[in-house]
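Please look at the sequence and the structure shown below.

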Amino acid sequence: MMEVDLPDVVAEVSEAFARYETALVNNDVATLGALFRNDSRTLRYGIGENLYGYDAIQAFRAARSPVGLIRKTAKTVITAYGKDTAVASTLF
């Protein structure tokens, strides 16, 4: 039976999610790049864009204006499935 929400996994993903949010609102392109898998199959769905592949995501980040990136999040839910898979969702 799969273990759901192992505390150490939820803590690790929560830390990564917080790191992502900080990098996002500070336009820290290097950290954002480190948090995404460098693979042509990596996807990022945004408000006004859908990006397919790590290179497209990095190009978007590098070209984006750093102005107005502050956002407020709510109802963040992190669910871990076993030790190797987790999902983080949030409203902003």
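Asp39 is found in the loop between α2 (29–35) and β1 (43–45). Helices (H or I, at least four residues) and strands (E, at least two) are DSSP runs, numbered from the N terminus. The model is predicted, so local features need pLDDT of at least 70 and side-chain atom pairs count only at pLDDT 80 or more, whereas totals for chains, interfaces and linings use all residues. Residues are numbered from 1 along each chain as its sequence is written, and side-chain values use heavy atoms, with hydrogens and water left out.

Is Asp39 buried or exposed? Its relative accessibility is 14%, so Asp39 counts as buried. Here, buried means under 20% relative accessible area, exposed means over 50%, and partly exposed lies in between (1.4 Å probe, protein chains only). When residues up to four places away in sequence are not counted, Asp39 touches Gly53 and Tyr54; a contact means heavy atoms within 4.5 Å. The side chain of Asp39 also reaches the backbone nitrogen of Arg41 at 2.7 Å. This is a polar contact, that is, a pair of N or O atoms within 3.5 Å; within protein, one must be able to donate a hydrogen and the other to accept it, and residues adjacent in sequence count only if both atoms are side-chain atoms.

Asp39 also takes part in salt bridges, with Arg37 and with Arg41. A salt bridge is a side-chain nitrogen of Lys or Arg within 4 Å of a carboxyl oxygen of Asp or Glu. The N to O distance is 3.4 Å for Arg37 and Asp39, and 2.7 Å for Asp39 and Arg41. Arg37 counts as exposed, at 58% relative accessibility, and Arg41 likewise counts as exposed, at 65%. Salt bridges with shared partners join Arg37, Asp39 and Arg41 into one network.

How many salt bridges does the count come to? By this rule there are 5. Another of them is formed by Asp8 and Lys83, whose closest N and O atoms are 3.6 Å apart. Asp8 belongs to helix α1 and Lys83 to the loop between β3 and β4 (85–91), so the pair ties together parts that are 75 residues apart in sequence. Asp8 is partly exposed, with a relative accessible area of 45%, while Lys83 is exposed, with 57%.

The largest nonpolar core has 8 residues, namely Tyr20, Ala23, Leu24, Leu32, Phe36, Leu51, Tyr54 and Ile57. Both α1 (7–25) and α3 (54–63) supply at least two residues of this core, and α1 gives the most, with 3 residues. A nonpolar core is a set of buried Ala, Val, Leu, Ile, Met, Phe, Trp, Tyr and Cys residues joined through side-chain atoms within 4.5 Å. If neighbours within four places in sequence are left aside, the residues in contact with Phe36 are Tyr20, Thr42, Leu43, Arg44, Tyr54, Ile57 and Arg61.

Leu69 is placed in the loop between α3 and β3. It counts as buried, at 13% relative accessibility. The C-alpha atoms of Leu69 and Leu24 are separated by 7.2 Å, although these residues are 45 residues apart along the chain. Apart from neighbours within four places in sequence, Leu69 is in contact with Leu24, Val25, Asn27 and Arg64.

Tyr81 lies in strand β3 (residues 74–81) and is partly exposed, with a relative accessible area of 36%.

Finally, consider the whole chain. The protein has 3 helices and 4 strands, and from the N terminus on its elements run α-α-β-β-α-β-β. Its C-alpha atoms fill a box of roughly 45 × 30 × 20 Å, taken along the principal axes. Of its 92 residues, 29% count as buried. Among contacts with a separation of 6 or more, 45% are accounted for by residues 24 or more positions apart. The accessible surface comes to about 6,400 Å², and 56% of it belongs to carbon and sulfur atoms. Accessible areas come from the Shrake-Rupley method with a 1.4 Å probe; for residues, only the protein chains shown count as cover.
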